[in-house]
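Please look over the sequence and the coordinates before reading on.

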Amino acid sequence: MADESNRVFGGFDFSTQQIKFIAVNDNLQVIYEEAVRFDSDLPHYNTRGGVCIADDKITITSPAIMWVEALDLLLSRLKNSGFPFQQVVCVSGTGQQHGSVYWRQGAQQILRNLVAEKPLTEQLKDAFSVANSPVWMDSSTTRQCQELECKVGGAEKLAAITGSRAYERFTGNQIAKIYQQQPEAYNNTERISLVSSFVASLLLGDYAPIDESDGSGMNLLDIQARDWSQECLDACAPGLKAKLGSPVPSNEVIGTVSSYLSIRYGFPNDCKVVAFTGDNPASLAGLAAQKGDVIVSLGTSDTLFLWLETPKPSLEGHIFVNPVQTSDYMALLCFKNGSLTREKIRDERAGGSWEKFNEQLKSTPMGNNGQIGMYFHVMEIQPLIQGIYRFDKNGQKIDDFLDAVEVRAVLESQFMAQRVHAENLGFNIGPDTNIIATGGASSNPAILQVLADVFNAPVYIKDVANSAALGCAFRAKYGWLGTDVPYLQIVEKGSERVCVAYPTPGADDVYRVLCQCYRKLEAEVVSTYGHKQG
Ligand SMILES: O=C(CO)[C@@H](O)[C@H](O)CF
């Protein structure tokens, strides 16, 4: 039996390109990390960046069984490395938001009767009524979004109920598309999970509930009532409530690990499971965000989010139920063209080298001499547009930039878009703002310097880039202790931050003007080339 001196808390993160596991000791110090990357470790699924992009370029899915096989591989790697499963007293986890998994009729019995001698992949290969799960990068449901908004009384009404207007990646619209285009698959579906609750189901050996925070990303949850909006459910598909189960607070203990995991890997049979949640809510928890903090997660998607006490739903961005203080909220803005866009420019303009990318960045001035680019390689969320657009210092559209100019332009445009849309959503970006950076790109100081300059705010990082999995290990301890102790008091030990970039003198003058130019040019691009919404 693990006592205070050796008890371990675990956090799983099922993100777009990989799955990660972080274990911490009672002092929240990281003692283990393991990962499985879909493209390189499971190449037989032929994913790129963990996803499959259809010929229409807007239908984007991931094979559900790939996520199952990734968990098999991750746990076997932990076992082979001697991970002390027997010391784990509680786990929690997270998944990429909005993605959905469709369990076929009878799958619950398969989950409840897993045999420890076989891998999950072998036992669950026929458990899904929809083999390829729609994920957050999909933007093929514009019609379903229009139908949902129309049925509930408009975009503002939907935002007031669910915290967001209708968005293509939000799960309710994805379910509506499956119901409309694959009715037999929908009727053969016993349970619909989010990626987060899907992973929790694999650990429980039974269906796990959707938590209120990740459930806020579906256009189905009434964020004030903290329960499904029957009006929204009915607008998407019939009989949906029975397929979703009831939502639970994000810090709820939802059970203990399955006997399958105890027998096959050695987890204690009383190892608790705290509800899984979305990757961004988990990062909010992992970074122990406080008043004045704006979190910028530089991952496959770039997302900005902050802690809110009162919801202010708007037609831009999202309000989710808070994953830690469940009476509070969090505001979020998501930009699809994140790390994959930066990597594409690195490959095209810096020979695939971050070192060269950083040198080019440092060789160009703040503000790029007034030149602005926009790089929407995949359909963006706000604005809803795809394509590459470059402008000279006079705002005239041009075809190309020098390599070094393009390198700076992709970063400045991403961060100016984030600042402009954050201010539209009511984020207060001012002298008291602290930027907390996380995600893969937060390990590149040259990129963080541009972020600090554009926002005119100091940028901090934690010593662990993967705040989502870390946040889940923290949430595991919080839920295990029973949430009587204030969360921030529990995570205080694990929340050291380091300031890695201050705004360059003069940055505020440069980017206050350039952000206005960006705002104007983006509006022109949208009116000329935008994807017609509504
Ligand atoms: O769509 C998003 C948030 O709304 C993305 O940040 C996904 O959660 C990334 F997995």
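The points below cover the ligand site, then selected residues and the backbone.

The model is predicted. Among the residues treated here, Ser62 is buried, whereas Thr528 is exposed.

**Ligand site**

- The residues around the ligand are Thr16, Gln96, Gln97, His98, Trp136, Arg169, Asp279, Asn280, Ser301, Thr303, Leu332 and Cys334.
- Two elements, α14 (279-286) and β19 (329-335), each contribute at least two residues to the shell around the ligand.
- Gln97 takes part through its backbone, where a polar atom is 3.1 Å from an oxygen atom of the ligand.
- How much of the ligand does the protein bury? Alone, the ligand exposes 290 Å², and the protein buries 99% of that.

**Asp13, in strand β1**

- Asp13 lies in strand β1, which spans residues 8-14.
- Is Asp13 buried or exposed? Its relative accessibility is 2%, so Asp13 counts as buried, the limit being under 20%.
- Leaving out residues up to four places away in sequence, Asp13 touches Gln18, Ile19, Lys20, Thr94, Asp279, Asn466, Ala468 and Ala469.
- One of these contacts, Asp279, is also among the residues around the ligand.

- Ser62 sits in strand β5, residues 60-63.
- Its relative accessible area is 1%, so Ser62 is buried.
- The Ser62 side chain reaches the backbone oxygen of Gly50 at 2.7 Å.
- Gly50 is also on the contact list of Ser62, along with Val51, Trp67, Ala131, Asn132, Ser133 and Val135; residues up to four places away in sequence are not counted.
- Lys57 is in the loop between β4 (52-53) and β5.
- Lys57 is not a glycine, yet its phi is positive, near 65°.
- Why does Lys57 count as exposed? Its relative accessible area is 52%, and exposed means over 50%.

- Ala288 is placed in the loop between α14 and β16 (293-298).
- Helix α14 also supplies residues of the shell around the ligand.
- Phi of Ala288 is positive, about 45°, although Ala288 is not a glycine.
- Ala288 counts as buried because its relative accessibility is 3%, and the limit is under 20%.
- Trp307 is 19 residues from Ala288 along the chain, and their C-alpha atoms are separated by 9.6 Å.

**A cis peptide bond**

- Which residues does the cis peptide bond join? The bond joins Gln382 and Pro383, with omega about 0°.
- Pro383 lies in the loop between β20 (372-376) and β21 (387-391).

- Ile490 belongs to helix α20, residues 487-491.
- With 8% relative accessibility, Ile490 counts as buried.
- Ile490 touches Leu28, Lys477, Tyr478, Leu481 and Val485, again without residues up to four places away in sequence.
- Leu28 is 462 residues from Ile490 along the chain, and the two C-alpha atoms are separated by 9.0 Å.
- Thr528 belongs to helix α21, residues 507-529.
- Thr528 has a relative accessible area of 53%, so Thr528 is exposed, the limit being over 50%.
- The side chain of Thr528 reaches the backbone oxygen of Glu524 at 2.7 Å.

Terms used
Residues numbered from 1 in each chain as written. Predicted model: local features only at pLDDT ≥ 70, side-chain atom pairs only at ≥ 80, totals over all residues. Heavy atoms only, no water. Helix = DSSP H or I, 4+ residues; strand = E, 2+ residues; numbered from the N terminus. Buried < 20%, exposed > 50% of the residue type's maximum accessible area, 1.4 Å probe, protein only. Polar contact = N/O pair within 3.5 Å; in protein donor to acceptor, adjacent residues only side chain to side chain. Contact = heavy atoms within 4.5 Å. Near = heavy atom within 4 Å. Areas by Shrake-Rupley, 256 points an atom, 1.4 Å probe, with all protein chains shown as cover.
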